[in-house]
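Subject: Structure handover

Hello,

Here is the structure I promised to pass on. Please open it beside this email and follow along as you read.

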Amino acid sequence: MTHLALKSRTALIATAILLSACSALPGTGGGIVEKTSAPLTGAQEVPPVSTAASGRSTITVAADRTVSGSVIVTGMEGMAAHIHQGAAGTNGPVIIPLAKASATTFAVPAGSRLSDAQYAAYMNGGLYVNVHSAAHPGGEVRMQIKP
């Protein structure tokens, strides 16, 4: 076997091992239940908010109940963002506070995980994410998280 062929074969084996290891990590592809990129709007808030602000959310809920992702808003400076438990048209308690990465970006903290009851609520469309602002401390934009 030539030196180049041996080098190529070694690189292929290393890549296969790396891909295999990554697919077994929570939230990286093994058993992902949902990955959504959906709009946050003021109309989804309870009560509805008239705002030009909007947002996009990429939330991943894995089969092992781990949660990851982020929210990016435009047209507003968010003061806080959370994942709440509550059906569409209702407000509910915060279950995961998101970490503020910038004036317009919030991230799910590493290691976030739903309880069994929260996961059951998620499976029934009973979780939502919203972003709060100084003008709308109860929430300016919202999106229901659905499996």
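Start at Glu77, which counts as exposed at 54% relative accessibility. The cut-offs are these: buried is under 20% relative accessible area, exposed is over 50%, and partly exposed is in between (1.4 Å probe, protein chains only).

Two notes before we go on. This is a predicted model, in which local features need pLDDT of at least 70 and side-chain atom pairs count only at pLDDT 80 or more, while totals for chains, interfaces and linings use all residues. Residues are numbered from 1 along each chain as its sequence is written, and side-chain values use heavy atoms, with hydrogens and water left out.

The overall picture

The protein chain has 2 helices and 9 strands. Both kinds of element are DSSP runs numbered from the N terminus: helices are H or I with at least four residues, strands are E with at least two. Read from the N terminus, the order is α-β-β-β-β-β-β-β-α-β-β. The protein chain has 147 residues, and 35% of them count as buried. Now look at contacts, meaning heavy atoms within 4.5 Å. Take those in the protein chain with a separation of 6 or more: 60% of them come from residues 24 or more positions apart.

Salt bridges

Side chains of opposite charge can pair when their charged atoms come close. A salt bridge needs a side-chain nitrogen of Lys or Arg within 4 Å of a carboxyl oxygen of Asp or Glu. How many salt bridges does this rule give? The count comes to 2.

One joins Glu77 and Lys100, at 3.9 Å from N to O. Glu77 lies in the loop between E3 and E4 and Lys100 in strand E6 (residues 99-100), so the pair ties together parts that are 23 residues apart in sequence. Lys100 is partly exposed, at 42% relative accessible area. Around Glu77, leaving aside neighbours within four places in sequence, the contacts are Lys100, Ala103, His132 and Ser133. Glu77 and Ala135 are 58 residues apart along the chain, and their C-alpha atoms are separated by 9.6 Å.

Arg65 and Asp116 form a salt bridge too, with the closest N and O atoms 2.9 Å apart. Arg65 sits in the loop between E2 and E3 and Asp116 in helix H2, so this pair ties together parts 51 residues apart in sequence. Arg65 is partly exposed at 23% relative accessible area. Asp116 counts as exposed, at 56%.

A buried charge

Next, find Glu45. This residue lies in the loop between strand E1 (32-40) and strand E2 (54-62). The side chain of Glu45 does reach the backbone nitrogen of Val141, at 3.4 Å. Beyond its neighbours within four places in sequence, Glu45 is in contact with several residues, including Asn130, Gly138 and Val141.

Rings

Arg142 comes up again here. Its charged end sits over the ring of Tyr128, 3.4 Å from the ring centre. The test is NZ of Lys or CZ of Arg within 6 Å of the ring centre and within 35 degrees of the ring normal.

The structure holds 1 aromatic pair. Tyr119 and Tyr122 form it, with 5.6 Å centre to centre and 40° between the planes, and the pair is tilted. Rings of Phe, Tyr and Trp (its six-membered ring) pair if their centres lie within 6.5 Å; planes under 30 degrees apart are stacked, over 60 edge-to-face, and the rest tilted. Both tyrosines lie in helix H2 (residues 116-123), 3 residues apart, about one turn of the helix. Tyr119 is buried at 18% relative accessible area. Tyr122 is buried too, at 0%.

One loop, two residues

Last stop: the loop between strand E7 (105-107) and H2, where you will find Ala110. Ser112 is in the loop between E7 and H2 as well. Are these two buried or exposed? Ala110 is exposed, at 84% relative accessible area, whereas Ser112 counts as buried at 10%. Not counting residues up to four places away in sequence, Ser112 touches Arg65, Thr66, Val67 and Ile96. Ala110 and Ala99 are 11 residues apart in sequence and 9.8 Å apart in space, C-alpha to C-alpha.

Best wishes

Methods. A polar contact is a pair of N or O atoms within 3.5 Å; within protein, one must be able to donate a hydrogen and the other to accept it, and residues adjacent in sequence count only if both atoms are side-chain atoms.
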